[in-house]
Number of protein chains: 6
Amino acid sequence: MRVLTFGELLLRLKTPEYLRILQSDNFEASYGGAESNVAVSLAMLRDEVSFLTKIPDNPVGLAALNEVRRYGVDTSGVVFGGSRLGIYYFEKGSNIRPTTVLYDREHSAFAEACEKDFAWDQILKDVDVFYFSGVTPAVSDSVERAVREALKYCREHSIYVVCDLNYRSKMWSTEKAQKVMGELMNWIDLCIANDEDFESALGIPAFDGDMAHGIDQIDTYREGMKEITRRYPNCKAVASVLRNMRTVEDGDWMGIYYTGGRFYESPVHTVHSLEAVGAGDAFAGALLHGIVRGFAPQKVIDFSIAASVMKLMIQHDFNVVSEAEILKIMKTNDVNLQR
Amino acid sequence: MRVLTFGELLLRLKTPEYLRILQSDNFEASYGGAESNVAVSLAMLRDEVSFLTKIPDNPVGLAALNEVRRYGVDTSGVVFGGSRLGIYYFEKGSNIRPTTVLYDREHSAFAEACEKDFAWDQILKDVDVFYFSGVTPAVSDSVERAVREALKYCREHSIYVVCDLNYRSKMWSTEKAQKVMGELMNWIDLCIANDEDFESALGIPAFDGDMAHGIDQIDTYREGMKEITRRYPNCKAVASVLRNMRTVEDGDWMGIYYTGGRFYESPVHTVHSLEAVGAGDAFAGALLHGIVRGFAPQKVIDFSIAASVMKLMIQHDFNVVSEAEILKIMKTNDVNLQR
Amino acid sequence: MRVLTFGELLLRLKTPEYLRILQSDNFEASYGGAESNVAVSLAMLRDEVSFLTKIPDNPVGLAALNEVRRYGVDTSGVVFGGSRLGIYYFEKGSNIRPTTVLYDREHSAFAEACEKDFAWDQILKDVDVFYFSGVTPAVSDSVERAVREALKYCREHSIYVVCDLNYRSKMWSTEKAQKVMGELMNWIDLCIANDEDFESALGIPAFDGDMAHGIDQIDTYREGMKEITRRYPNCKAVASVLRNMRTVEDGDWMGIYYTGGRFYESPVHTVHSLEAVGAGDAFAGALLHGIVRGFAPQKVIDFSIAASVMKLMIQHDFNVVSEAEILKIMKTNDVNLQR
Amino acid sequence: MRVLTFGELLLRLKTPEYLRILQSDNFEASYGGAESNVAVSLAMLRDEVSFLTKIPDNPVGLAALNEVRRYGVDTSGVVFGGSRLGIYYFEKGSNIRPTTVLYDREHSAFAEACEKDFAWDQILKDVDVFYFSGVTPAVSDSVERAVREALKYCREHSIYVVCDLNYRSKMWSTEKAQKVMGELMNWIDLCIANDEDFESALGIPAFDGDMAHGIDQIDTYREGMKEITRRYPNCKAVASVLRNMRTVEDGDWMGIYYTGGRFYESPVHTVHSLEAVGAGDAFAGALLHGIVRGFAPQKVIDFSIAASVMKLMIQHDFNVVSEAEILKIMKTNDVNLQR
Amino acid sequence: MRVLTFGELLLRLKTPEYLRILQSDNFEASYGGAESNVAVSLAMLRDEVSFLTKIPDNPVGLAALNEVRRYGVDTSGVVFGGSRLGIYYFEKGSNIRPTTVLYDREHSAFAEACEKDFAWDQILKDVDVFYFSGVTPAVSDSVERAVREALKYCREHSIYVVCDLNYRSKMWSTEKAQKVMGELMNWIDLCIANDEDFESALGIPAFDGDMAHGIDQIDTYREGMKEITRRYPNCKAVASVLRNMRTVEDGDWMGIYYTGGRFYESPVHTVHSLEAVGAGDAFAGALLHGIVRGFAPQKVIDFSIAASVMKLMIQHDFNVVSEAEILKIMKTNDVNLQR
Amino acid sequence: MRVLTFGELLLRLKTPEYLRILQSDNFEASYGGAESNVAVSLAMLRDEVSFLTKIPDNPVGLAALNEVRRYGVDTSGVVFGGSRLGIYYFEKGSNIRPTTVLYDREHSAFAEACEKDFAWDQILKDVDVFYFSGVTPAVSDSVERAVREALKYCREHSIYVVCDLNYRSKMWSTEKAQKVMGELMNWIDLCIANDEDFESALGIPAFDGDMAHGIDQIDTYREGMKEITRRYPNCKAVASVLRNMRTVEDGDWMGIYYTGGRFYESPVHTVHSLEAVGAGDAFAGALLHGIVRGFAPQKVIDFSIAASVMKLMIQHDFNVVSEAEILKIMKTNDVNLQR
């Protein structure tokens with residue numbers, strides 16, 4: 001089975017260690033974005049995966065492309081054009097100091113892509129699973145239209161559609177998000193909703209916004225997940241990560257997977273993270289892997305949350321871990337699991 | 001209102017990561033010192049602040065000056081002369097391994113400054129608040145005399161004087177400290193006394209030296225604070241940071257502010273620090289900010305301790321954080337506050 | 001005398017050593033731009049200088065501002081607003097490999113500044129010399145209008161206007177440049193024209209584009225300089241840098257200064273450069289210094305070219321050298337001067 | 001008293017921070033190996049110590065040698081020859097992500113050393129204590145034979161022999177280890193056995209392999225230690241480190257020393273480690289120091305475990321700490337000791 | 001047209017800057033080898049190219065593979081197995097200090113590969129050009145046999161065979177090289193012979209070993225090239241790089257291409273190199289590009305030598321430059337060309 | 001034969017690359033000083049050599065000591081005491097930008113050493129050659145007295161004394177230098193005099209101060225060398241390095257050795273240096289090696305100048321090269337030798 005992910009690829013400029021931008025004369029350069037992160041996860045898990053985006057035909061765009069290709073993702077469909085690659089600046093927080101992200105992604109090649117940049121019948125010809133996150137339609141109206149066309153094609157050709165709602169308040173309002181995502185949900189087969197996504201992207205209450213007590217609200221989460229499948233009958237499955245975060249790094253993590261009318265819940269992992277970026281994408285990538293490989297639902301969610309917490313100990317956006325390493329965490333991690 | 005801080009500026013040579021000096025072929029160079037740290041805190045909080053020191057007119061001295069100026073501190077009054085900038089070597093500890101500091105500050109331009117280097121009537125003309133720490137008079141006898149003249153001028157011109165006692169056993173004996181600080185206290189309006197400062201700098205018992213149980217001794221702290229105002233009637237207010245430290249990084253932090261005959265106590269923050277240097281100066285800077293801006297006493301102490309614990313997650317000597325960031329910590333830190 | 005420079009401040013992202021963007025996972029971050037470079041030159045030479053720009057009120061904007069302030073430039077007039085700081089990526093070439101610069105400066109806070117962002121009567125109140133380069137009006141139409149208003153004010157208040165034509169083909173066409181600069185020349189008192197500037201910015205032939213033989217064309221240069229003063233009678237003086245470049249690093253450099261109807265020519269310096277960025281700005285800064293300090297014309301040009309070649313051995317955009325160091329080069333550089 | 005340690009010296013290639021080998025374009029190079037680590041511990045504690053190995057006479061071999069010599073170890077007996085220095089690649093884990101070590105040590109100069117490379121009568125002439133770990137005979141059959149000859153010499157000349165069993169499953173099978181170590185134990189006076197060493201190297205049950213519950217199994221440990229002295233009457237003393245590890249970094253550490261028919265047990269240290277490599281060698285080095293200096297058994301074990309946990313906060317293989325620093329940990333570490 | 005290159009991929013460990021291995025605690029890690037370098041050149045020039053090797057299935061092997069894949073080379077045929085990746089240590093020289101290379105490549109996965117690891121009928125099915133260098137058969141006897149089988153297949157299927165003789169005295173004797181290469185030459189269509197290759201690999205005199213006077217011996221070179229085609233009638237074309245090297249970095253470079261009974265000679269480039277590794281492979285890669293794209297012979301040699309000297313200014317093994325950049329060097333490099 | 005060198009060991013703080021101290025937030029830390037540099041040269045050449053100095057018993061002092069010991073110098077006689085290690089800051093120049101050195105060495109442990117710190121009869125017991133440079137007596141009066149006592153002991157015990165005059169204007173005046181060195185010369189057997197040393201240290205004219213024309217003044221040099229042996233009859237041999245320096249890096253280097261009434265002159269090496277620090281010490285070290293090993297005078301000078309120019313391509317203070325490498329330069333360097 002072949003997966004295609006579609007979204008924006010960004011240059012990430014991170015200060016070394018915990019330096020503030022005001023203090024640093026150096027940036028660590030890496031590349032990422034929700035959908036490329038998912039693609040690399042799948043490539044690391046040795047699945048067949050392609051990544052689709054639009055990048056400028058300049059060294060920065062090519063460096064971004066190369067970084068994705070390096071891990072074995074097929075990038076042969078990537079579209080060239082536009083003038084700049086979007087950027088995000090990243091300051092890593094610690095303990096009570098929040099991590100801060102500063103976007104400089106407007107006017108990027110991807111944001112200025114238009115529908116006709118993507119020849120979906122070519123692109124999706126041999127694809128079995130199509131993945132995007134809520135970030136993609138939030139990028140710009142023209143990209144939103146491209147998503148819509150892709151989903152239409154998928155519906156017509158029975159391509160399985162997976163979407164991580166991934167609401168970003170810095171990119172669009174809840175009003176706009178709800179309007180767009182509400183419509184797109186009708187074409188989505190499996191949806192991932194975390195934390196505020198329920199409310200902000202779909203207007204469904206599930207989580208009150210207190211990151212210290214996510215897991216404690218498991219009942220309203222479960223209700224929200226059911227509500228999604230009720231409201232959007234095409235969406236037959238929902239997966240979520242729940243967290244009780246005590247500090248920027250310390251917290252409990254668990255996953256729930258609602259499918260076939262049943263809830264499958266992972267054990268709770270208590271972890272201290274090294275770099276939290278991309279943990280959600282690692283979850284999505286592992287979930288897709290489980291589905292592509294036909295894991296049983298309980299194994300799907302156990303594997304996905306293990307992959308996600310493993311990402312917390314990996315630097316940069318990509319979850320550079322093998323299947324064997326994730327399986328090992330699932331087995332030997334009894335030490336810090338709370339069951 | 002305009003603040004002037006007066007003290008020594010040092011070159012800090014820190015080994016990378018946790019390397020020992022014996023292992024490292026590199027030093028991270030930054031600049032700091034109690035009073036420059038306070039000045040940068042105030043500049044970051046967008047207060048008007050000047051810093052006064054004496055530095056050699058060579059690249060190392062100028063680099064130090066530039067680093068303070070960079071953050072918006074007025075350095076136009078800095079005096080040039082002497083032959084060397086003082087240095088401190090710094091090895092960051094972790095857990096049970098103590099942080100070590102090695103001074104190489106003797107014979108510095110500042111230590112060899114004499115009274116007449118500082119034209120106080122010029123320097124203090126438009127100043128509303130004068131700040132120094134106990135490190136300044138400890139530097140040398142001639143600097144001590146300069147402090148004395150400054151305080152005399154402040155008294156005569158109703159400039160508010162704030163002093164962090166800041167006792168340093170590597171710089172002077174308790175006998176000498178008590179003799180000098182005992183006299184200077186008569187010109188000080190607000191004093192900050194932490195940990196051993198009560199006993200070592202003033203001979204007032206308050207803290208038994210057990211850093212694991214500072215907060216547990218809150219009663220004797222309160223008594224010591226009252227005693228300061230009794231013994232030195234000019235000193236109408238005292239502020240302290242109390243800590244229960246479990247390891248080099250882990251501990252509980254709280255602040256007390258005694259003013260107008262009342263105690264104002266902050267919540268207790270439980271934190272894991274990244275680099276503890278300058279947390280006391282961050283406290284002092286935030287305290288001055290609160291006073292300059294007319295915060296209510298409870299807000300003064302809550303803000304000051306929040307600024308101080310925020311510094312624990314910032315590298316180098318300066319507390320490079322904005323007022324908005326500190327206020328946010330005050331509001332959202334319920335997760336790891338023990339009330 | 002007080003100088004004000006006006007232009008865009010950019011984040012420069014340079015790969016380490018000679019790495020290509022395609023190879024590097026790190027960028028050295030520094031800040032610069034023609035007019036900020038000139039301002040820092042003047043501050044290093046201990047002249048009074050202010051820098052005016054518009055930057056976003058975010059950490060990247062503030063870091064840029066701090067970097068200029070660090071060297072002693074007055075930045076109190078800087079305007080905050082807009083959403084991004086312009087960027088340029090930089091790969092250092094060597095020998096036959098050209099240095100490459102990739103602009104990502106569209107939509108910057110400065111480019112989107114409008115005339116009313118700059119209250120010229122306030123800003124220029126105590127200013128004696130106004131400096132900008134041809135890059136500034138090339139940034140955007142609104143900035144061009146702001147320049148025009150500034151020049152009008154200068155004319156009315158006898159502020160001396162200096163402009164480095166600084167033509168950049170990546171920013172505007174020769175047609176547009178000639179149209180705009182042709183008009184602005186009527187308000188300029190002293191103009192710097194290098195290499196292709198004569199032709200591209202003013203349509204005056206002087207240099208045939210062969211960088212290996214700039215000095216060899218000294219006669220057409222001289223003719224071009226005269227032609228400038230003939231065509232724009234307000235412009236009484238012209239300065240130029242002439243070069244015979246043999247490789248990216250190796251070449252001969254000389255300066256000519258045409259003023260009072262006479263040519264003053266510097267000796268030829270044969271140099272191997274370390275980093276050629278900002279050499280023109282260093283020339284302009286030193287020229288302004290010479291004028292502000294009243295150097296004789298011959299000393300003006302000798303000092304300016306010495307400052308410029310000294311910059312070739314200094315990393316980053318700013319010419320971090322003192323007057324004493326430049327004077328020493330003028331005196332002791334007989335070894336590699338060809339007279 | 002003079003100690004000689006004998007074993008392989010390796011180049012360690014560690015990725016920076018927590019990067020994976022797949023992500024990194026840099027390796028931090030250091031040198032180490034069980035027996036060289038012990039030697040450097042002793043040199044740091046100002047004991048007389050020599051290190052014996054065989055290295056290739058090329059820059060990598062010399063760099064390794066120099067690194068040991070740098071800390072004051074006598075390396076005058078080191079043998080030159082062979083063609084390569086063994087290597088181990090090292091990725092530091094964190095929390096639930098395991099640390100990974102990849103050996104590339106086959107065909108090294110040491111592995112290919114033969115008996116006649118080591119002239120034991122010369123080498124051991126003035127030696128009082130001979131130390132090796134189980135890694136040494138595991139390296140190759142020829143090295144095992146060299147160890148055997150050394151032990152024979154020691155027995156004949158009353159040189160005290162200390163061995164850390166140090167079982168490495170990547171180097172030999174339990175069968176082979178038990179066969180070899182079972183014989184060598186007859187010449188060993190003091191043996192260190194940790195964790196799986198009892199079972200894997202000697203076939204004596206003591207620890208069930210659950211690193212989260214090592215200390216909890218103290219009774220079977222004690223039984224195993226007694227059994228060693230019963231089975232190998234020449235071995236009069238056994239020392240062990242017991243651990244309850246909660247994550248890669250967090251755990252409780254204690255030491256037991258069985259000598260003269262009595263158990264001496266250290267307090268339990270609860271620590272968060274920075275880099276766990278070499279903690280066992282630090283324990284061995286400190287134990288040897290205690291023996292050489294004639295510490296009482298209780299002080300021997302208290303000192304050894306303090307040195308070992310101190311190493312957890314020191315980067316690279318060598319325990320670069322002084323005796324004074326270890327003694328200080330023993331005294332002031334009440335904060336995080338569980339008694 | 002599709003090219004396949006076949007050879008060993010190595011980890012390169014280079015000290016930073018010009019440090020000696022004895023001085024450095026860091027290695028820059030990159031990956032390369034003659035045939036992978038050629039493959040990356042072709043991918044950068046946007047040709048279709050695959051690379052074949054054998055690597056261990058461990059992180060070091062995968063990192064090497066990823067680095068080649070990153071630039072767009074097809075690596076889908078790479079064989080996994082064996083236990084180690086070969087290494088070479090690299091100290092960059094300067095001026096009179098020679099660059100030094102220390103091999104640690106014995107017992108590598110590739111060296112221990114056997115004939116049956118490579119299914120040539122599968123691998124070469126869609127290949128038009130097969131490339132290897134003399135390093136490949138020098139690696140081991142079993143690899144030599146694999147080369148032989150590949151060449152047999154190529155002959156039978158009219159695949160064009162290109163070989164850079166690339167003699168390495170550290171890998172085999174001239175006797176062995178001449179014996180092996182003498183036979184292989186019968187299957188080679190185009191051969192590259194530089195410097196000592198004529199004599200050492202084929203026993204044909206052409207160059208006397210004086211690197212300062214390579215170009216000066218152009219006549220004997222031409223004679224040697226003719227002699228190759230006489231002695232090995234299947235080899236219809238020969239290309240060579242000739243150099244007059246004055247120091248480690250400074251020299252003149254030119255190329256000659258003998259084909260169709262005629263000599264085509266490039267202009268002479270006078271350059272100062274940044275890092276000379278891989279210049280020969282860059283020459284070979286560009287030559288293949290010219291052939292694949294059907295360049296006229298004069299353009300082939302001009303382009304190849306331009307690509308080769310461009311590599312002298314690029315760090316690491318791969319010639320990360322585009323066709324446009326090489327063409328630009330060919331056109332604008334008149335400055336430092338001696339015609 | 002055993003050599004002892006005596007002098008100060010300093011911490012060198014160098015900015016990375018060519019950064020100015022004003023620009024850098026990092027210092028590369030290394031250790032050196034004329035006499036330690038000579039000692040390391042000898043150790044690298046596998047001679048028996050000890051180094052004597054006084055350092056503070058703190059981590060900075062120990063790190064300095066370790067760095068010397070690392071290369072195989074015997075440091076067992078080093079005296080501990082005092083409070084600080086001297087420092088020099090170092091900015092590397094290039095082309096016309098001079099290298100700058102800023103001393104911060106006053107009040108160092110060595111400068112404050114007194115005569116009785118050094119028990120010469122113990123220290124010099126088995127020594128055959130005693131080496132110091134003019135820097136040592138310049139450090140302080142007490143150290144000068146220590147030198148005097150050492151020389152007296154050497155005279156009485158027929159220890160051969162070698163001194164590099166090494167005049168440093170930042171340390172003492174020519175008056176003082178001439179007074180002190182004039183006396184010490186009576187105990188010196190071989191003296192090295194370079195450039196201004198003749199005039200500044202001894203008052204003997206030889207070189208007019210024009211570094212661009214040192215070799216051109218070879219006749220006055222020869223005259224100065226003879227004059228030294230005339231004026232100080234105990235001094236039977238003189239060696240000098242002569243240079244024509246065109247830029248900071250480019251120049252011609254040659255050596256002259258006057259002994260037994262004859263001049264031995266090396267070929268002229270034309271070089272481009274990487275880092276010129278320590279080239280004189282490398283010359284001295286190689287000269288001592290030649291004497292210790294009994295090289296013929298012509299080989300002594302050829303070897304010494306080759307070692308010296310080799311050092312120009314080695315970073316840091318120590319000449320980390322082997323005898324074989326120097327001999328190779330002597331043989332193969334015909335390319336850039338002007339004979």
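Residues are numbered from 1 along each chain as its sequence is written, and chains are lettered from A and ligands numbered from 1 in the order in which they are written. Because this is a predicted model, local features need pLDDT of at least 70 and side-chain atom pairs count only at pLDDT 80 or more, while totals for chains, interfaces and linings use all residues; side-chain values use heavy atoms, with hydrogens and water left out.

Chain A contains 11 helices and 16 strands; helices (H or I, at least four residues) and strands (E, at least two) are DSSP runs numbered from the N terminus. The radius of gyration of chain A is 19 Å, close to the 20 Å that the globule rule gives for 339 residues, so chain A is as compact as a globular protein of that length. That radius is taken over C-alpha atoms, and the rule is 2.2 Å times the number of residues to the power 0.38. Along its principal axes, the C-alpha trace of chain A spans about 50 × 50 × 40 Å.

Of the 339 residues in chain A, 68% are buried. Here buried means under 20% relative accessible area, exposed means over 50%, and partly exposed lies in between (1.4 Å probe, protein chains only). As for contacts (heavy atoms within 4.5 Å), residues 24 or more positions apart account for 70% of those in chain A with a separation of 6 or more.

Next, the relations between copies. What superposes chain B on chain F? A rotation of 180° with 0.0 Å of shift along its axis does so, with an RMSD of 0.0 Å. In chain B, the C-alpha nearest the axis belongs to B:Phe27, at 2.6 Å. Moreover, 100% of the interface residues of chain B are also interface residues in chain F, so the copies meet through the same surface.

I now come to individual residues. B:Val320 sits in the loop between helix H10 (297–311) and helix H11 (323–332) of chain B. Is B:Val320 buried or exposed? B:Val320 is buried, at 1% relative accessible area. Beyond its neighbours within four places in sequence, B:Val320 has contacts that include A:Arg20, A:Leu22 and A:Gln23 in chain A, and B:Met44 and B:Tyr71 in chain B.

A:Phe118 lies in the loop between strand S8 (100–104) and helix H3 (120–123) of chain A, and A:Phe118 is buried with a relative accessible area of 3%. Not counting residues up to four places away, A:Phe118 touches, among others, A:Phe6, A:Leu52, A:Phe110 and A:Ile123.

Finally, D:Arg46 has a positive phi of about 65° although it is not a glycine. D:Arg46 is in the loop between helix H1 (34–44) and strand S4 (48–52) of chain D, and D:Arg46 counts as exposed at 58% relative accessibility.

Note on methods:
Least-squares fit on C-alpha atoms with pLDDT ≥ 70 in both.
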